[in-house]
Each structure stands twice: as structure tokens, then as C-alpha cells.
Amino acid sequence: MTSNITQRKGIPFWRDERVLQWITQALVLGVVIAVILYLYGNMVASLEALGLPLSLEFLSLQSGFDISQHLIAYSRTSTYLQALSVGFLNTLLVAVLGIIGATVLGVVIGVASLSSNILVNRLARIYTEIFRNIPLLVFLIFWYRGFFLKLPSVQDASEFGPILLSNRGVAIPWGIAGLTFPAYRLILLAGFILAVVSALFLRQRGQRTGRMPFSTLGGLAVFLGVALLGWVLLPAAPLTIDLPALPETGFNILGGKNLTSEFIAVLSGLVLYTAAFIGEVVRAGIQAVSKGQTEAARALGFTGFQTLRLILLPQALRVMIPPLTSQFLNLTKNSSLAVAVGYPDLVQVYGTIINQSGRAVEMTAIMMSVYLSMSLLTSGFMNWYNRRVKLEER
Amino acid sequence: MTTSVSMHKGIQPPTSARPTALDWIKINLFSSWLNTLLTLFSVTLIYVILRGALGWAFTEANWAVIPAKLRLLLVGQYPSAVAGEVDYVWRVSLCLYILAAIIGLHWGASGRSGERYITALALLPVLMALIPVVYHLAVRPEGHTLGAAFLLALQILALDLVGLVGWLIGRWRGRRFIRLAAILWILYFPLVIVLVRGFGADYREGITPFASVPTRLWGGLLLSLLLAIVGIVFSFPIGVALALGRRSKLVVIRALSVIYIEFIRGVPLISLLFIGSLMLNLFMPSGISFDGVVRAMVVITLFSAAYLAENVRGGLQCIPKGQYEAASAIGLGGFQTMFFIILPQALRAVIPVMMGQFIGLFKDTSLVAIVGLLDLLGIAGGVIADPNYLGTQREVLLFISLFYFAFSYALSYTSRRIETNLGVGTR
């Protein structure tokens, strides 16, 4: 069969690597598409057998269930879509506050585990080991059911200064907006703009004169000054502080703002857990900066704080950003475990809606795309920041 | 202390560098006012935590729930004599004994004396027996639970002995048995699955010792460990394939790998488990359905594979180009280069990261409790809800945390040993 045609053309096509590669790719793609189509076909058939053809119209139906914590207006007459938004905002709230808290605590733990004080660094290491080796879910459930639900009842809540701890949650002082609050908000906005402008000015002057610019500090001072001035100058105080108080009768704490046990348990649990991992990242980052850098900075006459702020931290930060990104992403995704303690996050609302409407496929698609876009946004932002601070080599 | 000898006249021996206890305290705890403050703060913290924890453990806690529910927590509903069925738990125990023997063999063959660890292992059963005794003497709770504790200690002692036999054999044959140990490790995990699963007739008609036990009866620690083992074993080849796919020159394959990896890594595991439990049966043609455990295993494997792929990719990226060039210079083809030159080096470089991921995988198996499986955490939820043991959340959850901690810590310890043995990062 091997005629002289093939000899004339050189390599036969079934041994030509490029052709083979394209055939393989086409085959793989074909198989993948076929499998997906097959699964999709099965799914559509099963859904039709259940009488639930794919559609998103159910989102505008009335939800009919309550959500204990909602950042936007919501009642049981609201739609499924509004319920989902409430869940999403609750997830976002825990994730954002969690990232801030875990970063702060994580830096403390990381620095503590490098402390020369043996007691402090052993404590930090033990803390890290405990949280690295126990599943978050087990800890969250323990934290919620073994600690927050075992707090005393509202009537004999324990008091920590103005904060009341009970099995119904944590009551904290809260400001009540007065008549002048809208005006005060404008003043704060003006103060913020003024602060940014003065910080930029200070930085420019610093670069011109070569002295320490104190731009952050200066900006903060300007903002606080404006805020204080506005508070004093307005005819009535914009916010009145409302302290929580124990009730004479009944089961609700009077006044203040009551944060539910679920919210506090999830938030503090995520912070405590992620801080252990961030602590490790911080420790590794600081250790990655060579000792010669500190010595050189000292030789140039930098003070201890200046060395940390201008020499060590910028370099440590560069090493820390990729692992920090993945910790932030982990925290965001881990906030989905809130469902186990009954915090009304996206996953819990998702579960409730599926129970009520039976729309598992559509709801799952919505939930996954929400998490996916949150993850992509976070990693996109961190990648941008990473590029900004990365080493510019010649 | 001052035994140093001055070799030449006129050269003074160094002054004693060894600090006294007081010096040590001063250097480590009170070197500056900040350190003094930190020390005082830490001492207060330790005091408050210990006082609260010990006070609770010895006065309020109701530890009777642990021995009463121990079997449930360890093997779940696995058919056992205690529940009035034909006993098959011995198959699980057999797995443990084999494990002990392999560990001992490996240990002995690698020529480690490891007296410290042997002492620790020998002390373990004693401790296991002692803790309940001390607790009984200190608290005098009602009911007798000492028997169960002693039985457990005896079993651990038996495990130790089997391990010792393995160690002696390994010691006797020396390094020649290292290869055997490696093969045994690889065979061990499939063997565990076969032993626990069984084959042939259902266990209720069970006359044969290896009658099959359906997965829905697996539970407790057994299920958690099996989920982790299955996840690790099966995600490994998939993960390596995905990593190679992501670095492939072929556009379609690369794109598919990237989409898969980024999608899985972008969503929480719990949402995938929900898909498994709510939707997997929708995708199957009617009539075919899997039970919950198998679905969880599939999901955990697919989830873990995406993360593993990223770790392996990290390893592949750190192989210098010269390795590829050298391989093709001595005439190796694409597959040969990959499997004999690149992958062995790349995988070795990422062993620590992979072990870290496997620890994470083991911890993540606890999530299956949310979709209603009875793993260690799921069973714990059931025990807490038992009306006979109301209010024992702390006891039960602390107890299972101990298991998670022990296994994860053992894994991370092993990973550090492997790291030093292979010289990762030093070569």
C-alpha cells in the first residue's frame, strides 16, 4: 500500500506530529463536549420528569421565609432574588470583616512567633499548631455550640464594660442617627477629601525636601480634626450613643445593637482560624528578608521603626502577597461553612430556597457563579497589587 | 562544667558560657521592659485559659459519653457484635494491625533506632489507661467506664507489639527491605478499601468472613479516614495529568485543564458536595444512582485533584530547561523524558506541599457531615443529639478534635521526616 506518493510528500500524515496533535485535540474536545451534552441531556430529561424545566422565573416569586439578619430591607413577602441578595451581603460582610480581622491578628501571631520572649513565641506556635491541625468546621461548631450557646441567658448576661454577652448574642453600644446626621455625613466626606489632598501634598513635599513626609499621619490628623470640628459645630450631636442594658423582664436586651451568636461565632471563628495561617505567612515573609538588610539599614542610621517600616516590611510584603491572596480566598470560600452554625449566608439561603422551590440546578449555578466571581475579583485585585509592589529588575 | 583545658600557656579557657537558670529566665523572659510586659501578659493568659479549661474538665464535664459512644465514633454503623449483628469490625482492626506492621517494618529497615519513639509508643497504652484512672480518682463520677479504657489500652499495646515484630523483621533484613516496605505502602491503601468493603454476598446473609458491607454503613473515624485515603489515592493520577495538561503545548488540552482547575479552585468544597448530593443523580441516566458515600468520594477526589495539579505544576516549573535538553540529547522521547526525568524530580520537590494538601484534604472530609454523611463529625452530631447525653457538645467535639489533631499532626511530622530524608531544598 505504501506507494511512492507518500515518499514524495515526505512524512505520511499519520506520522506527522502536527497533524496528530490536531487530531488528538479535536478528539479530546469532541469527547468532552459529547460527555457534557450527554450529562446535560440526562439532566434536562430528569428535570422534565420532575416537572421542573430549567428557568429563572422562580426568582421573582415570594420567598415566604424569614432571615434573621438582613442588611437590606427584607421580609417574608420579598422575592427569592431579594433573599439571595440578603444571603450574599451576609457572606460579603463576614468575608470582608474576617479578612481585616484575620490580617490584624495574623500579623500579631506571626510577629509573636518570632519573638525573643520564649513564652510568647511558644504560645504563638501552639496556637498555630492547634488551628492548623483541626478542621475549621469542627472548630466552628465547637465555638458556636460549645461556647456561644453555653453563655448565660439574657437575664444574667455577663458584662464586659458596655458589652453584654449572652446566649442570644453579643450586644454592643451603637450610635443612633440624629437629625443632623445627614449633614454630618457630608462633613465626613469633605474631611476625607481634604485628608487625601493634604496627604498627597505632604508626600510631594517629603519627596522635594527629603524629610520624612508623615503623609498617612498628616492625612489622618486632618480627617479626625474635621470630624471633631463638625461634631462640635453642628447644633445637635449627629449620633447619640445607645448602651445595651439588661431587661427587667422579657428575653431581649434593651438598646444597643445585638449581634447574633451565629454572626459573632462565624466571624470570630474564621478570624481565629485564618489568623493561624496568616501568622505562618507573615513569619515566613519576615524570615525571608536577609539579616544584612537590617544591618545595612542600621549602618545608614535608620531607627528601629524606620527599619521595619521602610526596609523590612516592603520586602517581606513582596514575598507575602501570593500566599496571603490564597489565604484571603480561603477565608471567603470558608465563610460558606457558616451554614453549619445557622448563619444566614449565601449557602444557607440557597439551601432554604432549594427546599422550598426544588430548583436545585438553577440555584447551584447561581451560587457557584457568585463564589467564582468573588474569587476571581479577589485574586484579580491581589494580582494587580502584586504587580505594583513586585521587584523591578534591570 | 569548667572542664575545658587550656592547650597553651597564657591562653585562658573561655569563661563558662552556660547560663544559670536565673540567667536563662532573664535572657528569655525579662530582657527589656517590653519583654517583661509580654511575659506578664502571657502568664496571665495561660493562667486564665488553664484555670477555665481544667476547672471545666474536672467538675462540669460529663466524660461518660465518650466510652459509651466510642464504638460509634470510631466505626459508625459498621456491623459489630455489640449491635447484635455478625461482627465485622475485626476487618477494620486487621487494617490497623497491618498498618502497624508496615510502619514497624519500614522503620526497622531504614535502620532507625528511634528509642525515643519506641518509648513514646510503649508509654501510649499506659497513658491511655492512666488518664481515666486519674480522672476517676479526682472526680469519682457515677458509673463504671474504666473497663472500656483498659480494653482500648490493651488494643494499643497489641498494635505496638505487632509494630515491634515488624520492626524486628525490618531490622534483621536491613535496607534490603526498604523496597519491600515501599511496595507494601502502595498495596496497603487498595487493600484497606477491599478489606473494609468486602466482596461477594451481603453481610446480612453473611457467613463468609469477607461478606460485603455497603458503604452506607461506614461511619465515624473509619469513614473520615477512608474518604481521605480514597481522595489521596485517586486524586493523585488525575492531579498529575491535569498539571501536565496545563503545561501542554496543545491549546485545547491546556484550555480544558485551566478551566477545570480554576473552576474547582474558585468555588467552596461545600458547594461541590451539594452538587454531589443534590444533582449528581440528575446527570445520570434514569435507574443509575450512587449512594452518598460514593458521591462524596467522587467529589472529594475531583476537588483535591485540582489543588494537587497546581502543586505539581509548581514542581514542574522549577525543573530547569537543561533537564529536558539533556533528556532529548540522550535520545529519550517525550513520554520517557516526562516519566523518567522530569516527573520524578518535580514530584520530589513538591512533597512537602503535597503533604500539606493531604492534611487539608483529611480536615476537609469533615465537610461531608453537612450533606448528611456520618463521618467522625456527623456521628458526633448524632451523639450530641442523644437525649441521654444532653449538653455534651464540648466533650464530644473536643474528643473528635483530638483525633483530627493526632492524625494531621502525625502526617505533618511524617512530611517533615520525608523532607529531611530526601534532602528537599538542600540539594
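In chain A, A:Ile172 lies opposite A:Lys257 of strand β6(A). This is a predicted model. The pair sits where β3(A) meets β6(A), two antiparallel strands joined by four bridges.

**The sheet**

The sheet is open and has four strands. Their order in chain A is β1-β2-β3-β6, with antiparallel pairing. Strands of a sheet pair through backbone hydrogen bonds, either parallel or antiparallel. From one strand to the next, the twist averages 25°.

| Strand pair | Bridges | Opposite residues |
|---|---|---|
| β1(A) and β2(A) | three bridges | A:Glu159 and A:Leu164 |
| β2(A) and β3(A) | three bridges | A:Ser166 and A:Gly169 |
| β3(A) and β6(A) | four bridges | A:Ile172 and A:Lys257 |

A hairpin of two residues links β2(A) to β3(A).

α8(A) packs on it and touches β2, β3 (169-172) and β6 of chain A. The direction of α8(A) makes about 65° with that of β6(A).

**The interface**

The helix α8 (261-288) also supplies at least two residues to the side of chain A that touches chain B. So do α2 (17-50), α4 (118-133), α5 (136-147), α11 (346-357) and α12 (360-389) of chain A. Which helix gives the largest share of that side? It is α2(A), with 12 residues.

The contact draws 52 residues from chain A and 51 residues from chain B. Together the two chains bury about 4,500 Å². Carbon and sulfur atoms account for 74% of that area. In chain A, the residues losing the most area to chain B are A:Gln25, A:Asn133 and A:Met368. Together they make up 13% of what that side buries.

What classes of residue make up the side of chain A that touches chain B? There are 35 nonpolar, 12 polar and five charged residues. Across the interface of chain A and chain B, zero salt bridges are found. Polar contacts do occur between the chains: the count is 14 residue pairs, both residues at pLDDT 80 or more.

Definitions and conventions:
Residues are numbered from 1 along each chain as its sequence is written. Chains are lettered from A and ligands numbered from 1 in the order in which they are written. This is a predicted model: local features need pLDDT of at least 70, side-chain atom pairs count only at pLDDT 80 or more; totals for chains, interfaces and linings use all residues. Side-chain values use heavy atoms; hydrogens and water are left out. Contact means heavy atoms within 4.5 Å. Buried area is the accessible area (1.4 Å probe) that two parts lose on being put together, summed over both. A salt bridge is a side-chain nitrogen of Lys or Arg within 4 Å of a carboxyl oxygen of Asp or Glu. A polar contact is a pair of N or O atoms within 3.5 Å; within protein, one must be able to donate a hydrogen and the other to accept it, and residues adjacent in sequence count only if both atoms are side-chain atoms. Ala, Val, Leu, Ile, Met, Phe, Trp, Tyr, Cys and Pro count as nonpolar, Asp, Glu, Lys and Arg as charged, and the others, Gly among them, as polar. Two strands pair if DSSP finds at least two bridges between them. Axes are lines fitted to C-alpha atoms, for helices over the stretch in contact, and angles run from 0 to 180 degrees between N-to-C directions.
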